[in-house]
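Subject: Structure for you to look at

Hello,

Here is the structure I promised to pass on. Please open it alongside this message, and my notes follow below.

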Amino acid sequence: MTVAAPTKPKTTLKMVYQRPEALADTPTHYCPGCTHGVAHRLVAEVIDEMGLREKTIGIAPVGCAVLAYDYFEFDGVEAAHGRAPAMATGIKRVLPDRIVFTYQGDGDLASIGMGEIVHAAARGERITVIFINNAIYGMTGGQMAPTTLPNQITTSSPGGRDVAVQGFPIRMSEILATLDGAAYVVRRSMHDPANIRKAKKAIRLAFEAQVRGLGFSLVELLSTCPTNWKMTPAEAMNWVRDNMVPAYPLGDYKVAPELQKLRV
Amino acid sequence: MTRQLLKGNVAMAEAAIRAGVEAYFGYPITPQSELLEWMAKRMPEEGRAFLQAESEVAAINMVYGAACTGARVMTSTSGPGISLMAEGISYIAGTEVPAVIVDVMRGGPGLGNIAPSQGDYRQVIHGAGHGDFFPLVLAPASVQEAVDLIGEAFDLAEKYRTIVFVVADGSIGQMMEPVSLPEPRPPRRERPDWAVGGAEGRPARRLTSLYLKPEVEEEVNLRLVQRWQAMEANEIRYREYYLDDAEYVVLGFGTAGRVALSAVRAARAEGIKVGLFRPVSLRPFPTEAIRDLAARSKAFLVVEMNGGQMLDDVQAAAQGQVPVRFYGRMGGMVPFPDEVLAEIHALVSEPPTPAEAPRARWLAQMVS
Amino acid sequence: MAAKGWVKIDETLCKGCELCVAYCPAGVLTLNTERLTPHGYHPAALGKEGCTGCNVCAVVCPEAAITVYREAKARPRAAAVS
């Protein structure tokens, strides 16, 4: 049933894309279609392209990505829920020439970890944060997140998020961009190939910010959770486009001057 | 060796620097803020990392991160901060990386006050955090002893890949005493073979406390117990004063032990055959030594600046061989030698019966 | 004439999420319901002729399971399919 590789005279097949080396050679536990996999792949591609694999230490969160360190071929550590920016600070302060990044979900970063992320950004901690915003708590079974949309149904907002009782979603990129220590704070989405390509460029610039010692960098990535949103992966991608992008506008919220001129 | 008059908090900080500490992350809290302030000034002078974190929660997680790189790292706080750090402490222990934590204890529970106490004994010997792990807990009774124990603490933390607490009540942190500081030891260059720091020319390493498979977690847990056995075999520390022919034994740690020593000396001058047993390692607890003492004593008097926390461990060690009395001051009150002397007199004039309940008698005295 | 391409999908990694199927501009990818991967998923597969090697499937694949090739003129020491 599968189309075989073409074999024509005087032509050869040139490989134009293969799995990045910084990704470990192991299947992940993420649900089919979960954009965690896309984000992991983009980070690995950037690490490969910048030649940073042997200098990088990644910090895994508590959340679906709790085992993220198993999926990369660089050093990794496990943080307590929300504390990754503090752990990253501890590592970067003793090893300032290494590349230190955290990978955090919306509960980890914007709920229990709110204090740590704000202060890491305020200090201009020279770390990079990959912030996966899928408006829900995935690992624990679909509870409300600080980024859950008004009227969105979750297991702890079964009637839909009632803003009168449960408050409003938090726009982290806008907040963190107000801090002078932030060098690069942007929001992108992973809901289609064009946006995924833009997300990769942003991840590249975020790591460039760290390499150049410019300050705190963060890329917020609007992401899917097909399982807890109770949709197919493709439906979930469209849900991001139709519901999350209007609530969380894509764009550059803080870009240090040195990065603005950078072409990658 | 030259001696300097130093405040306890400052002496402990300088001792850590001379022990080669590479990073300090902390948060202000009375009565230990001077330790943080000394680090703020001195660590940058030595080219080492200092950061005042946004909270004790953040501080302990910064310690956790730095510990994962194999760097010598510490924090300091008081009781409320230890409570906040409980989660991070458990993670550090579960990941089997070394760290030193100084607890300068104050009145509690809750916000309490800023006066000295020994109210965190039960908390720190259990490491404050969840799960089966075994910190080392050392309790100095003077500024010099605090300096000496800090110097050992880092080596012990690395030897056993565990947390070492140095617990002092607030008076030790605040008082000024003449101390001899040790010669400086430079921070080490080589990193342990478990440390993360960039997988240069080697496979990637991962450090975690997460072991989803129970059979794997059990292996880790058993390994921690094995290390605990080694600590119990090798790291018990205590001081004995006038115990060779003692009929009565006073037991106390830290400042309570030091105050009791004055009372013991006064009692000896009166001819009472009393001695002092002062645990220096609260964990591992000198159980055997106390059990042996119990077998040849008429009575024990436990003196603490809390409601009887070490008391329970003394009674367990004594195994009912000796009646035990208790004298404690709480809430930041510091006992005076004459109070302890009065208790020693009572041991002689109204000897305790085996069935006497130590806390009940003490409480009745205190609230009457 | 559109460039010719080919993709190889690693069945130990593919979870049959069908994102590549949904986003393939040439519509040549399908779910192969006649096969199960070792993890019990129906893998994606190149079901029709017409792949241009545009790389969109690899961009959207959460498992990095897809290797993409494009036809090129053969040269004496050109890179070959590995």
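How many residues does the contact take from chain A and from chain C? The contact takes 32 residues from chain A and 41 residues from chain C, where two residues are in contact if their C-beta atoms, placed from the backbone, lie within 7 Å.

Before the rest, a word on conventions. This is a predicted model, in which local features need pLDDT of at least 70 and side-chain atom pairs count only at pLDDT 80 or more, while totals for chains, interfaces and linings use all residues. Residues are numbered from 1 along each chain as its sequence is written, and chains are lettered from A and ligands numbered from 1 in the order in which they are written.

Chain A with chain C

On the side of chain A that touches chain C, the elements giving two or more residues are strand 1 (11-17), helix 1 (36-50), helix 7 (193-211) and helix 9 (233-247). Helices (H or I, at least four residues) and strands (E, at least two) are DSSP runs, numbered from the N terminus. Strand 1 of chain A gives the largest share, 7 residues. By class, this side of chain A has 19 nonpolar, 7 polar and 6 charged residues. Here Ala, Val, Leu, Ile, Met, Phe, Trp, Tyr, Cys and Pro count as nonpolar, Asp, Glu, Lys and Arg as charged, and the others, Gly among them, as polar.

Strand 1 of chain A also runs antiparallel to strand 4 (residues 66-73) of chain C, joined to it by 6 bridges; two strands pair if DSSP finds at least two bridges between them. In this pairing A:Thr11 stands opposite C:Lys73.

Helix 7 of chain A deserves a look too. Its 19 residues should span 27 Å at 1.5 Å a residue, and its end C-alpha atoms are 27 Å apart, which agrees; the expected span is 1.5 Å times one less than the number of residues. Because 14 of the 19 residues are buried, helix 7 of chain A is largely enclosed by the rest of the structure. A residue is buried if 20 or more other C-beta atoms lie within 10 Å of its own, exposed if 12 or fewer, and partly exposed in between, with C-beta atoms placed from the backbone. After helix 7 of chain A comes A:Gly213, with a positive phi near 65°.

Chain A with chain B

Here 30 residues of chain A are in contact with 33 residues of chain B. Strand 2 (56-60), strand 3 (75-78), helix 2 (84-94) and helix 4 (114-122) of chain A are the elements that give two or more residues to its side, and helix 2 of chain A gives the largest share, 8 residues. That side of chain A divides into 13 nonpolar, 6 polar and 11 charged residues. Strand 3 of chain A and strand 9 (residues 206-207) of chain B run parallel, joined by 2 bridges, and the bridge partner of A:Gly76 is B:Arg206.

Chain B itself

Chain B has 13 helices and 15 strands, and 54% of its 368 residues count as buried. An automatic or database domain assignment gives chain B domain 1 (4-234) and domain 2 (240-367). The centres of these two domains, taken over C-alpha atoms, are separated by 29 Å. Between them, 26 residues of domain 1 of chain B are in contact with 22 residues of domain 2 of chain B.

Enjoy exploring it!
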